Number of protein chains: 2
Amino acid sequence: MRLYDYHESGNAYKVRLMLHQLDIAFECVEMDILAGETRTPEFLAINPNGRIPALVLEDGSTLVESNAILFFLAEGTDRIPNDALGRARALQWMFFEQYSHEPYIAVLRFWAFSGALERNAALVPEKRERGDAALAVMDQHLARNDFFVGGRYSIADIALFAYTHVAGEGGFDLSRTPAVEAWIERVKDQPRFIPIDRRF
Amino acid sequence: MRLYDYHESGNAYKVRLMLHQLDIAFECVEMDILAGETRTPEFLAINPNGRIPALVLEDGSTLVESNAILFFLAEGTDRIPNDALGRARALQWMFFEQYSHEPYIAVLRFWAFSGALERNAALVPEKRERGDAALAVMDQHLARNDFFVGGRYSIADIALFAYTHVAGEGGFDLSRTPAVEAWIERVKDQPRFIPIDRRF
């Protein structure tokens, strides 16, 4: 498999972590998104939406959207519940991640490391507030559950871990959500865990 | 089943349309989101993220996130491909919808009907541009495919139809994406189709 990647991207990290933990060999193609490499005609032929990660499968077909890729890789493994309601609950948290979490927590981190915070200063307070709200929803759930779904580590945890564990880089204070902090340690304790900056 | 609903919400309409087309009986509880009814302690006990739709199943458990609900209802029906890659592709388009489409196309429509356009004027051009980009990605796919996945009507179509067919209410010009316009007619031609303003 070939992964179109960007080393700072939590969305790409989800896929790297999943592939490594499942011991699936893959090749990484690093795309410099700050230099516009995901907006070239060549890359738009791979993903018309111009985003990484994109995973090229062994039959040559391409799958995009990090959480759809996680779902695909999880089928037939213990990384997703095997009952219909459990699968839907995993997806529920993954849609929460893309709609109510990533646009605030990942974007503030991206603005911080790409030098865009000042230019977007007017938008920061609302993003901070909504990111804090997402962390509070997670904390409430994790105060009563070790993992997001089915009592065990799953793709819902991978999806939410990717940007949560580096939320501090975007100025979020995780000490206010102690159940989230404890869950981050549980995820880091999983077999074959790799950090976000591990290169392939 | 009991659906916590808001009649103007495309996200809630996805679930109403799916339930009606599958001939599943349900009760609707209309929540006035403009009056804050989804932010009360009572509703936050149903969905801690404070959003509709929320579907209460017959065993009393609650599922939230419109696209996770669609996926749950689709299992065992012909509204989702039965191969792993096909299911992942349906999810790929559904994550596209929540991340690259809804935040622009649904939000401009919401601002238009809730009187918030003027207050958010500075944000409108970027939302317009990104919404147009999402419609262009859809148009490119639909120029070569009758439906989003597997050559037939599926939950990916329902997810994308909900806010696309009313994009004009947010000022988007669908005549610029003729393949999208033709697909809208194909969706409306499906058996047991109901319009967004059909009340239950």
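Modeller: A helix axis here is a line fitted to the C-alpha atoms of the stretch in contact, and the angle between two axes runs from 0 to 180 degrees between N-to-C directions. Keep in mind that this is a predicted model.

Start with α1 (residues 10–21) and α6 (residues 155–164) of chain B. They pack at an angle of about 130°, and their axes are 8 Å apart. The pair is therefore oblique. Angles over 145 degrees would count as roughly antiparallel, and those from 65 to 115 as roughly perpendicular. The crossing of α1(B) and α6(B) is right-handed. On the α1(B) side the contact uses G10(B), N11(B), Y13(B), K14(B), L17(B) and M18(B). On the α6(B) side it uses I158(B), A159(B), A162(B) and Y163(B). By class, this contact holds 7 nonpolar, 2 polar and 1 charged residues.

The spacing along each helix is worth a look. An α-helix has 3.6 residues a turn, so residues three or four places apart point the same way. Contact residues in α1(B) include Y13(B) and L17(B), and those in α6(B) include I158(B) and A162(B).

Now stay with α6(B). How many of its residues are buried? The count is 10 of 10, so α6(B) is largely enclosed by the rest of the structure. To count as buried, a residue needs 20 or more other C-beta atoms within 10 Å of its own. The buried set includes D157(B) and T164(B) as well as I155(B), L160(B) and F161(B). What do these residues pack against? Their partners are α1, α3, α4, α5 and α7 (178–188) of chain B.

Next, the partner chain. The contact takes 24 residues from chain B and 24 residues from chain A. On chain B, the elements giving two or more residues are β4 (62–64), α3 (66–74), α4 (84–113) and α5 (124–142). The largest share, 11 residues, comes from α4(B). That side of chain B divides into 15 nonpolar, 7 polar and 2 charged residues. Two helices on that side, α4(B) and α5(B), also belong to the surroundings of α6(B).

How are the two chains related? Two copies of a chain are related by a rotation about an axis and a shift along it. A rotation of 180° with 0.0 Å of shift superposes chain B on chain A, at an RMSD of 0.0 Å. That is the relation of a two-fold axis. Of the residues of chain B, Y99(B) comes closest to the axis, with its C-alpha at 3.1 Å. The copies meet through the same surface, because 100% of the interface residues of chain B are also interface residues in chain A.

Finally, the backbone. Most residues other than glycine have a negative phi, and most peptide bonds are trans. The bond from I52(B) to P53(B) is cis, with omega about 0°. P53(B) sits in the loop between α2 (41–46) and β3 (54–56) of chain B. In chain A, the bond from I52(A) to P53(A) is cis too. D23(B) is not a glycine, yet its phi is positive, about 60°. D23(B) lies in the loop between α1 and β2 (27–30) of chain B. With 7 C-beta neighbours inside 10 Å, D23(B) counts as exposed. R192(B), also not a glycine, has a positive phi of about 60°. R192(B) falls in the segment after α7 of chain B. With 9 other C-beta atoms within 10 Å, R192(B) is exposed.

Definitions and conventions
Residues numbered from 1 in each chain as written. Chains lettered and ligands numbered in written order. Predicted model: local features only at pLDDT ≥ 70, side-chain atom pairs only at ≥ 80, totals over all residues. Contact = placed C-beta atoms within 7 Å. Helix = DSSP H or I, 4+ residues; strand = E, 2+ residues; numbered from the N terminus. Nonpolar A, V, L, I, M, F, W, Y, C, P; charged D, E, K, R; others polar. Parallel < 35°, antiparallel > 145°, perpendicular 65-115°, else oblique. Left-handed = near helix turned anticlockwise from the far one by under 90°. Least-squares fit on C-alpha atoms with pLDDT ≥ 70 in both. Buried ≥ 20, exposed ≤ 12 C-beta atoms within 10 Å, placed from the backbone.
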